[in-house]
Amino acid sequence: MNTEKITARRLSLEEVTKLSMKDRLFISADTAQLKLPDCYVPAFLTKSGEDFEGGSITARTVFQEEVSCLPDDEKDTGVYLADENGSVTIEVLQSAGVVLDLALFVPGGDKGALTALYAAARQAFGADTVQIWRQGLKEVPDVKVDIFEEQIPRGRKGTDNPKRDRRAFDTYPTRADFIEFSAGWKPVIEIHRPIVDDTPTI
């Protein structure tokens, strides 16, 4: 396990309320999935400190986990800020690397092309370093589409003209699988039709 010792100080709830979402802090690495009670991880508040109500705050770790904690509760692990003049030393869990969740379009998509792709990745980062943990292959229809997100109408049908925002232009339909649509909006996929300008020219 790779950790780094950092001099830090524990923050009170009042100090936390003065932090923004850009301020880097440290919270306990002990979660339901990973039991590490004596380690901390870098994190950021999910919203400005002043926007939290009550004594509880929520932070998102660099490992994309959301953790709630009570800064002023002595039984809680607390929230820390790096400080050279701090009174405590904490162990911070380091990153081992990243898992890439990519949408790669391989023209033709034959097995030889995929094998060459993986071989190139291993050559770049070292043999046995690149591990493919999940592979979902999907054939892509040879048609281009426009992807929109449309606001889900509220109330009776036909009472509202739903708002629409373009999310992808002239792309493949499987792209919609990798787009995060807003809450209250639904994906709309239409066949791409090039805009023809009929403006007469001189």
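Biologist: Why does Arg166 count as partly exposed?

Modeller: This is a predicted model, so every value here is computed from it. Arg166 has 44% relative accessibility. Buried means under 20% and exposed means over 50%. Arg166 falls in between, so it is partly exposed.

Biologist: What makes the contact of Arg166 and Asp146 a salt bridge?

Modeller: The N to O distance is 3.6 Å. The cut-off is 4 Å, between a side-chain nitrogen of Lys or Arg and a carboxyl oxygen of Asp or Glu. The pair therefore qualifies. It links distant parts of the chain: Arg166 sits in strand 9 and Asp146 in strand 8 (residues 145-151), 20 residues apart.

Biologist: Is Asp146 buried or exposed?

Modeller: Buried. Its relative accessible area is 8%, and the limit for buried is under 20%.

Biologist: How do you know that Arg9 forms a salt bridge with Glu15?

Modeller: Their closest N and O atoms are 2.9 Å apart.

Biologist: Which residues are linked in a network of salt bridges?

Modeller: Arg9, Glu15 and Asp83. Arg9 is partly exposed at 28%. Glu15 is partly exposed at 30%. Asp83 is partly exposed at 21%. The count for the model comes to 10 salt bridges.

Biologist: Why is Gln64 called exposed?

Modeller: Its relative accessibility is 60%. Gln64 lies in the loop between strand 4 (57-61) and strand 5 (66-69). Its phi is near 65°, a positive value in a residue other than glycine.

Biologist: What is the phi of Asp170?

Modeller: About 55°, positive although Asp170 is not a glycine. Asp170 lies in strand 9 (residues 164-171). At 32% relative accessible area, Asp170 is partly exposed.

Biologist: Why is Thr171 called buried?

Modeller: Its relative accessible area is 13%. The limit is under 20%, so Thr171 is buried. Thr171 is found in strand 9. Leaving aside neighbours within four places in sequence, Thr171 is in contact with Val143, Lys144, Val145 and Ile147.

Biologist: What makes strand 1 and strand 7 a pair?

Modeller: Six bridges join strand 1 (residues 3-10) to strand 7, and they run antiparallel. Pairing needs at least two bridges, so this pair passes. Lys5 has Glu91 as its bridge partner in strand 7.

Biologist: How many bridges pair strand 3 with strand 7?

Modeller: Two, in the parallel sense. The rule asks for at least two, so the pair counts. Cys39 has Glu91 as its bridge partner in strand 7.

Biologist: Which residues touch the most other members of the largest nonpolar core?

Modeller: Leu25, Ile27, Leu45, Ile57 and Val79, out of 20 residues in that core. Strand 3 gives the largest share, four residues. Another core lies apart from it, with seven residues, among them Ile6, Ala8, Tyr40 and Ile90.

Biologist: Which residues form the nonpolar patch on the surface?

Modeller: Val98, Leu100, Leu102, Leu104 and Leu117, with about 540 Å² of accessible area together. Leu102 sits in the loop between strand 7 (88-93) and helix 2 (111-125).

Conventions. Residues are numbered from 1 along each chain as its sequence is written. This is a predicted model: local features need pLDDT of at least 70, side-chain atom pairs count only at pLDDT 80 or more; totals for chains, interfaces and linings use all residues. Side-chain values use heavy atoms; hydrogens and water are left out. Patches are made of residues with over 30% relative accessible area and no salt bridge: like charges are joined within 9 Å, nonpolar side chains (Val, Leu, Ile, Met, Phe, Trp, Tyr) within 5 Å. Accessible areas come from the Shrake-Rupley method with a 1.4 Å probe; for residues, only the protein chains shown count as cover. Buried means under 20% relative accessible area, exposed over 50%, partly exposed in between (1.4 Å probe, protein chains only). A nonpolar core is a set of buried Ala, Val, Leu, Ile, Met, Phe, Trp, Tyr and Cys residues joined through side-chain atoms within 4.5 Å. Contact means heavy atoms within 4.5 Å.
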